[in-house]
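Student: Could we go through this structure together, one question at a time? I'd like to see how the answers follow from the geometry.

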Amino acid sequence: MSKTEEKKPTIQVLERAFDLLEVLASFPDPVSLKVIAERSGLHPSTAHRILNDLTIGRFVDRPEAGSYRLGMRLLELGNLVKARLDVRDAALGPMRELHKLTHQPVNLSMRQGDEIVYIERAYSERSGMQVVRAIGGRAPLHLTSVGKLFLANDDPQRVRAYAMRTGLAGHTRNSITDLPALERELTRVTQQGTARDDEELELGVRCMAAGIRDDQGNLIAGLSISAPADRLEESWLERLKADLCRAGPSRLKRVQIASLTAAEAEGERSAGAGTGTGACAGANSVTQRRTRSASPSREYFPVESRNTMISCRPA
């Protein structure tokens with residue numbers, strides 16, 4: 001079997017969908033079904049059925065009957081991937097330095113709809129007691145330090161809409177669960193330029209965060225330090241803000257802000273230091289002490305998210 005054949009999809013309909021997308025990508029303008037079928041080698045009726053399903057998913061656009069072009073969903077997803085890669089590359093250096101200073105995990109996260117998604121972390125298994133978040137973990141905006149940065153960046157009407165959609169569900173006795181309290185908190189975040197999570201998502205865990213902005217001044221991500229509540233030091237905050245200057249506008253000129261806007265819209269529609277590839281906070285987290293599970297899952301996320309691990313290795 002040739003190398004090319006080995007790389008073919010095992011599901012025939014996916015192979016055909018990929019071929020159709022490749023055909024559309026080769027044309028700058030909308031293409032007729034007849035041309036698409038000829039170029040792909042598919043029967044017109046087969047091509048039509050697959051294109052129709054791709055149109056439903058917005059991967060293909062049908063500007064008029066009988067013609068097709070690549071859809072906007074591909075642009076949204078592509079920009080999202082590019083933005084995450086650019087931000088991660090720019091933030092890795094400052095993240096590692098912060099971890100060396102604090103001996104606590106440093107997390108990089110971005111907004112996706114009504115949640116924060118954790119995309120990178122810097123930590124070391126040799127460190128002592130620490131809170132480690134899972135890459136890909138998610139958490140509500142209003143319960144996390146980075147999430148508050150993004151909410152503070154929204155106008156009041158969007159914050160109210162967020163509160164209506166989510167109900168501001170809480171996870172601990174410290175959680176902010178009513179709109180007036182959230183608005184006061186966001187005012188403080190705006191004034192200080194930083195945000196905190198004081199055991200609002202998970203008891204025993206505190207976080208501090210500052211935002212990363214691109215050369216247009218748009219907030220695109222946040223760095224946070226997460227630690228056991230009694231180990232978070234106020235002196236880390238200034239260093240966090242200073243190190244973010246190194247991951248800021250001059251290194252993020254290529255970041256595609258459209259990706260974040262698209263992700264938010266999608267969410268609203270659906271209403272040395274080891275570098276793992278996470279962050280300050282994860283709802284429905286499963287807290288572990290190396291050998292045994294200690295915390296029940298919560299309602300907001302599926303159990304398999306498993307965002308949190310507390311390492312008890314001696315310092």
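This is a predicted model: local features need pLDDT of at least 70, side-chain atom pairs count only at pLDDT 80 or more; totals for chains, interfaces and linings use all residues.

Student: Okay, which residues make the nonpolar surface patch of about 350 Å²?

Tutor: Take Phe18 as a test case, which sits in helix α2 (residues 12-25). Phe18 has a relative accessible area of 43%, so it counts as partly exposed. A patch residue needs over 30%. The members of this nonpolar patch are Ile11, Val13, Leu14 and Phe18.

Student: And what does α2 lie across, and at what angle does it run to β3?

Tutor: The sheet here is an open one of three strands, ordered β1-β3-β2 with antiparallel pairing. Helix α4 (residues 44-56) packs on that sheet too, touching β2 and β3, with its direction at about 100° to that of β2. As for α2, this helix lies across β1, β2 and β3, and its angle to β3 is about 90°.

Student: Which strands stand at the edges of that sheet?

Tutor: Go by the order, β1-β3-β2. An edge strand here has a single partner, so one side of it is left without a neighbour in the sheet. That is the case for β1 (31-32) and β2.

Student: In the hairpin of β2 and β3, which residue takes a positive phi?

Tutor: β2 (residues 60-64) and β3 (residues 67-70) run antiparallel and are joined by three bridges. Asp61 stands opposite Arg69 in β3. The hairpin has two residues between the strands, and the one with a positive phi, near 85°, is Gly66.

Student: Now the sheet of six strands: which strands stand at its edges?

Tutor: It's an open sheet with antiparallel pairing, in the order β7-β5-β4-β10-β9-β8. Two of its strands have a single partner each, so each has one side without a neighbour in the sheet: β7 (138-140) and β8 (194-198).

Student: How many residues of β10 are buried?

Tutor: Look at what surrounds it. β4 pairs with β10 over four antiparallel bridges, and Ser109 stands opposite Gly222 in β10. Helix α6 (residues 145-153) lies across β10 (219-228) among other strands, running at about 150° to β10. β10 is largely enclosed by the rest of the structure, because the buried count is 10 of the 10 residues.

Student: Last one: which residue in the turn between β9 and β10 has a positive phi?

Tutor: β9 and β10 run antiparallel, with nine bridges joining them. Within that pairing, Cys207 has Ser226 in β10 as its bridge partner. The two strands form a hairpin with five residues between them, and the turn residue with a positive phi of about 85° is Gly217.

Terms used
Residues are numbered from 1 along each chain as its sequence is written. Side-chain values use heavy atoms; hydrogens and water are left out. Patches are made of residues with over 30% relative accessible area and no salt bridge: like charges are joined within 9 Å, nonpolar side chains (Val, Leu, Ile, Met, Phe, Trp, Tyr) within 5 Å. Accessible areas come from the Shrake-Rupley method with a 1.4 Å probe; for residues, only the protein chains shown count as cover. A salt bridge is a side-chain nitrogen of Lys or Arg within 4 Å of a carboxyl oxygen of Asp or Glu. Buried means under 20% relative accessible area, exposed over 50%, partly exposed in between (1.4 Å probe, protein chains only). Two strands pair if DSSP finds at least two bridges between them. Contact means heavy atoms within 4.5 Å. Axes are lines fitted to C-alpha atoms, for helices over the stretch in contact, and angles run from 0 to 180 degrees between N-to-C directions.
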